[in-house]
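Please walk me through this model in the viewer, one selection at a time. I would like to know what to select next and what is there.

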Number of protein chains: 2
Amino acid sequence: MRYQLFYWPGIQGRGEFVRLALEDAGAAYDDVARQDGGMSRMMAMMKGSAGSDADKRPPFAPPFLKSGKLVIAQAANILFYLGPRLKLAPADDNGRLWLNALQLTVTDFVKEVHDTHHPIATGLYYEDQKPQAQEYVGHFLKDRVPKYLGYFEDVLTRSGGAYLLGRKFSYGDLSMFQLVDGLRYAFPKAMKRIERKTPGLVALHDRIAARPTIAAYLGSERRLPFNEDGIFRCYPELDR
Amino acid sequence: MRYQLFYWPGIQGRGEFVRLALEDAGAAYDDVARQDGGMSRMMAMMKGSAGSDADKRPPFAPPFLKSGKLVIAQAANILFYLGPRLKLAPADDNGRLWLNALQLTVTDFVKEVHDTHHPIATGLYYEDQKPQAQEYVGHFLKDRVPKYLGYFEDVLTRSGGAYLLGRKFSYGDLSMFQLVDGLRYAFPKAMKRIERKTPGLVALHDRIAARPTIAAYLGSERRLPFNEDGIFRCYPELDR
């Protein structure tokens, strides 16, 4: 089974949470929109004009994953599907639901991260909403980042193990890596301060970066660099 | 099996998407935080100090559902769990994943609705971010509502049936009812205009309101009225 991942070609974005899972598991996949003709394939699927059964169920937005004839949209939904197949989720239903609740909390947080540079409208440029972004980010760094990271730190502590689910490594841990990595890129000064209260998450981030699969991925061209078109953007004026 | 739903007692909010499913199915449930002592039970579970196994897996926020010993957080996750049990989801895995993708798109939209009155910070009052809310809502009503509702209208059309999934009624349809109902409450003028382009969704809303289970629920005290503490708020200055 060769998976086909559809996501915007120039950014890590929400697709990165899926890429990390595929990479850690060593799964065979195409990053379709980065291949020749891939963007038009992706757009056709979103428009429901790909000429297949999937046209009846067009995704709202990338990322989406094609697995055989099945098309699955929404990063958390893709990970829910892939989890057991990539051995990155518990086998039991209750464990999968708990992991999904955590991943949906990641999803909520990622949207709040996105809004640090787009508090007023996705359709405007950051440059058109800079004063509002300044206001937003003050509350975000003071309240929201400590709240979300503090929650995940607490989950980690209560798990009694090295991972969010205790001894079982999962795609949720890969998402913790990405959150810490992205926040460090976007808000290096603020994160130095905030990280002091989440030593468990920082250690988890470092352990994941050192996994041979992930280290190889991070050193490859498949890992797109963070940039100012993605979710995590480095605008020094927003970092306090 | 008597379910226990935990959600803020004074608002419909994100809990309403779960309430509608429980009500339509005629499931036995307690709306815990609206009962005597319920709020402190809810807070204890969120703090992981309820004195049970669930303390190892505290929810980030309401709504969450207790089903036996299992505690499930995040509205879309709760609905994913309840769907087959309440016969409000397809039986096959692929259908459930498609429905979940739709519900997660509802989740994304609901967050954008919330931000119409809180574009800068959840921790501030609406009154402290009114000019920014005005700016936000202009783009929201012009671009975002038509985009989301247009997408769901398209899904409905492509399904070839009366419901999002075709002939199969699901919790996704109940969420469509709630979106249309809430948007009409919050933005009555703008919705008159926007609704013209989504006749299928409007008809779906009306069919659902007429279901005996839902009609009985809407006429009961169990259905909290919309108000200015919830997700959908009626501030005339934001409705254009």
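Select strands β3 (residues 64-67) and β4 (residues 70-73) of chain A in this predicted model. The two strands run antiparallel and are joined by 4 bridges. Across the pairing, A:Lys66 stands opposite A:Val71 in β4(A). β3(A) and β4(A) make a hairpin with 2 residues between them, and A:Gly68 in the turn has a positive phi of about 65°.

Now show the side chains of β4(A). In a regular strand, side chains alternate between the two faces of the sheet. Here A:Leu70 and A:Ile72 point one way, while A:Val71 and A:Ala73 point the other way. Are these four residues buried or exposed? All are buried.

Next, select helices α1 (residues 15-24) and α3 (residues 75-85) of chain A. Their axes are 9 Å apart and the packing angle is about 20°, which makes α1(A) roughly parallel to α3(A). The crossing of α1(A) past α3(A) is left-handed. For the contact itself, display A:Phe17, A:Val18, A:Ala21 and A:Leu22 from α1(A), which meet A:Ala75, A:Ile78, A:Leu79 and A:Leu82 from α3(A). An α-helix has 3.6 residues a turn, so residues three or four places apart point the same way.

Move to chain B and go to B:His114, in helix α4 (residues 93-114) of that chain. B:His114 has 12% relative accessibility and counts as buried, because the cut-off is under 20%. Beyond its neighbours within four places in sequence, B:His114 is in contact with B:Arg14, B:Thr122 and B:Ile231.

Last, select the open sheet of chain B, whose 4 strands have the order β2-β1-β3-β4 with mixed pairing. β2 (29-31) and β4 (70-73) of chain B are at the edges with a single partner strand each, so one side of each has no neighbour in the sheet. On average, neighbouring strands of this sheet are turned by 20° against each other, direction ignored. Helix α1 (residues 15-24) of chain B packs on the sheet and touches β1 and β2 of chain B. The direction of α1(B) makes about 160° with that of β1(B). Within the sheet, β1 (residues 3-6) and β3 (residues 64-67) of chain B pair in the antiparallel sense over 3 bridges, and B:Leu5 has B:Leu65 in β3(B) as its bridge partner.

Key: Residues numbered from 1 in each chain as written. Chains lettered and ligands numbered in written order. Predicted model: local features only at pLDDT ≥ 70, side-chain atom pairs only at ≥ 80, totals over all residues. Heavy atoms only, no water. Pairing = 2+ DSSP bridges. Axes fitted to C-alpha atoms, helices over the stretch in contact; angles between N-to-C directions. Contact = heavy atoms within 4.5 Å. Buried < 20%, exposed > 50% of the residue type's maximum accessible area, 1.4 Å probe, protein only. Parallel < 35°, antiparallel > 145°, perpendicular 65-115°, else oblique. Left-handed = near helix turned anticlockwise from the far one by under 90°.
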